[in-house]
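Good morning, and thank you for the time. I would like to take you through one protein model, element by element. Please look at the structure first.

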Amino acid sequence: MFGSLTDKLGGIFDRLRGRGALSTDDVNAAMREIRIALLEADVALPVVKEFIAKATERAIGQDVLKSITPGQQVVKIVHDVLIESLGTSEPLAVTAPPTVILLVGLQGAGKTTTAGKLAKRLKEIDRKKVLMASLDVKRPGAQEQLAQLGTQVSVDTLPIVAGQQPLEITARASIEGRKGGYDILILDSAGRLSIDDELMAEIAAVKKSANPAETLLVADSMTGQDAVNTAKNFDERVGLTGIILTHIDGDARGGAALSMRQITGKPIKFLGMGEKMDAFEVFHPDRLAGRILDMGDVLSLVEKAAQNVDQNEAVDMAAKMQKGQFGLDDYLKQMEQMSKMGGMGAIMGMLPGMGKIKGMVENADLEGKVFKKHRAMIFSMTPKERANPKVLNASRKKRITKGSGTSAFELNQLLKQHMQMADMMKRFQKMGKKGFARSGLAGLMGGNKNF
């Protein structure tokens, strides 16, 4: 989502780092460029003005200009101010069970899907017993959609009773939540294409009846400043405790995420990162700032790995890497693991300085048609060839391409990709030696801190 902003800020910072010393004019020129980049990213003007004022004041201090690495100091200042602009990470409020979470928002923001994602996270990571209930009696199939999502993520949903209205469903859900011993009750309210009095009156009545611990707005980040205006309207008329931003993985310019906290005063609590039900993250301002500035997000990468990587396979892979072994069977396993973690492009985006490579990897469609062809070629090889691709001569390659229905060019691309994957594994090794192991990256390699 922040690709364009990341590229522009990266170019500005590269020029700053390339200078041995900075003057006040250099800093002011850089801040003007940053201001333009933020405005083009659809960040609200008041937020941009405050951001630039804070960053400039700190950057023109004598300690920065006289620093041995002034360019790096300015980058750190921008990083710190960015974190301040994004706000703090605040956990969900907890009350006597069942804790009620009311989701509100406009139609099309992904509210029902978000209910399923939130329920899945609360159940699997926080170990909570969750009940979901749909209050949307207007949109055809809305209640059935939530029921299907509940089945998909193995979370209970309130049985549908035809003809019941939102207040009746809310009362029934509250009773069932207490009787069933549920820790969390998620209420998925109705949405509209735009804010109207009927919608607000309905949500206000539901809120009064359910007395939720959290009233969370589900906002589509791809709508830019419209998402910020929607949040302001909902907060003024209903009262919000937090925000969930969806479609963070889209091609929007990112202004909503950067503006939301300062404009509304409400914390962002979760981010919807994709279509899959596990593409849902707790909001951490420092981690998001690191991604925007291409500084990486190793902590989130470690968390994803802990949730998706088979630890036994990780131990085996660590042992092979120590011996310098990385065959094509290993390549297949790694690609499958990476697919579970969102794909290689997503992983690249969490490694420091890998933003540009991330774009190249995503454009290559490695997890789509390309990977299917790679699988076919690898399955056309002998065990010896998979273990040591260096033995592949012209005749062997011809046999493999014929057996897999591919071309010599595609086979060579596979071998090249295999080498790049091996290089990335070596990068993990180097990161471990530099200290990332202490922050948990060693878990990716089966807990071996000496890899």
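Predicted model: local features only at pLDDT ≥ 70, side-chain atom pairs only at ≥ 80, totals over all residues.

Does Ile175 count as buried, partly exposed or exposed? At 43% relative accessibility, Ile175 counts as partly exposed, where buried means under 20% relative accessible area, exposed means over 50%, and partly exposed lies in between, computed with a 1.4 Å probe on protein chains only.

Residues are numbered from 1 along each chain as its sequence is written, and side-chain values use heavy atoms, with hydrogens and water left out.

Ile175 lies in helix α8, residues 166-179. Helices (H or I, at least four residues) and strands (E, at least two) are DSSP runs, numbered from the N terminus. The C-alpha atoms of Ile175 and Pro98 are separated by 9.8 Å, although these residues are 77 apart along the chain. A second pair of this kind involves Met419, in helix α21, residues 408-433. The C-alpha atom of Met419 is separated by 9.4 Å from that of Tyr331, 88 residues apart along the chain. Met419 counts as exposed, at 55% relative accessibility.

Now to the protein as a whole. Its secondary structure comes to 21 helices and 8 strands. Of its 451 residues, 51% count as buried. Contact here means heavy atoms within 4.5 Å. Among contacts between residues at least 6 apart in sequence, 73% join residues at least 24 apart.

I turn next to helix packing. Two packed helices are described by the angle between their axes and the distance between the axes. Axes are lines fitted to C-alpha atoms, for helices over the stretch in contact, and angles run from 0 to 180 degrees between N-to-C directions.

How do α2 and α3 pack, and at what angle? Helix α2, residues 24-40, and helix α3, residues 45-59, pack at about 160 degrees, with their axes 10 Å apart. The two are therefore roughly antiparallel to each other; angles under 35 degrees count as roughly parallel, over 145 as roughly antiparallel, 65 to 115 as roughly perpendicular, and the rest as oblique. α2 passes α3 in a right-handed crossing. A crossing is left-handed if the near helix is turned anticlockwise from the far one by less than a right angle, and right-handed if clockwise. On the α2 side, the contact is made by Val27, Asn28, Met31, Ile34, Arg35, Leu38 and Leu39; on the α3 side, by Leu45, Val48, Phe51, Ile52, Ala55, Thr56 and Ala59. These residues divide into 11 nonpolar, 2 polar and 1 charged. Ala, Val, Leu, Ile, Met, Phe, Trp, Tyr, Cys and Pro count as nonpolar, Asp, Glu, Lys and Arg as charged, and the others, Gly among them, as polar.

The second pair is α5, residues 70-86, and α12, residues 285-292. Their axes come within 9 Å and cross at roughly 130 degrees, and the helices are therefore oblique to each other. This crossing is right-handed. His79, Leu82, Ile83 and Leu86 in α5 meet Pro285, Asp286, Leu288, Ala289, Gly290 and Ile292 in α12. The residues of this contact divide into 7 nonpolar, 2 polar and 1 charged.

Let us move to helix α6. Its 14 residues, 111-124, should span 20 Å at 1.5 Å a residue, and its end C-alpha atoms are 20 Å apart, which agrees. The expected span of a helix is 1.5 Å times one less than its number of residues. How many residues of α6 are buried? The helix is mostly covered, with 11 of its 14 residues buried, including Lys111, Lys117, Lys120 and Arg121. Thr114 of α6 is buried, with a relative accessible area of 4%. Not counting residues up to four places away in sequence, Thr114 touches Leu103, Val218, Ile244, Thr246 and Phe280.

Finally, α10 and α11. Helix α10, residues 225-237, reaches 19 Å from its first C-alpha to its last, close to the 18 Å expected. Its buried residues are Gln225, Ala227, Val228, Thr230, Ala231 and Phe234, and they pack against β1, α9, β5, β6 and α11. After α10 comes Gly239, whose phi is positive, near 100 degrees. α11 is mostly covered, with 8 of its 10 residues buried, and is followed by Gly265, whose phi is positive, near 75 degrees.
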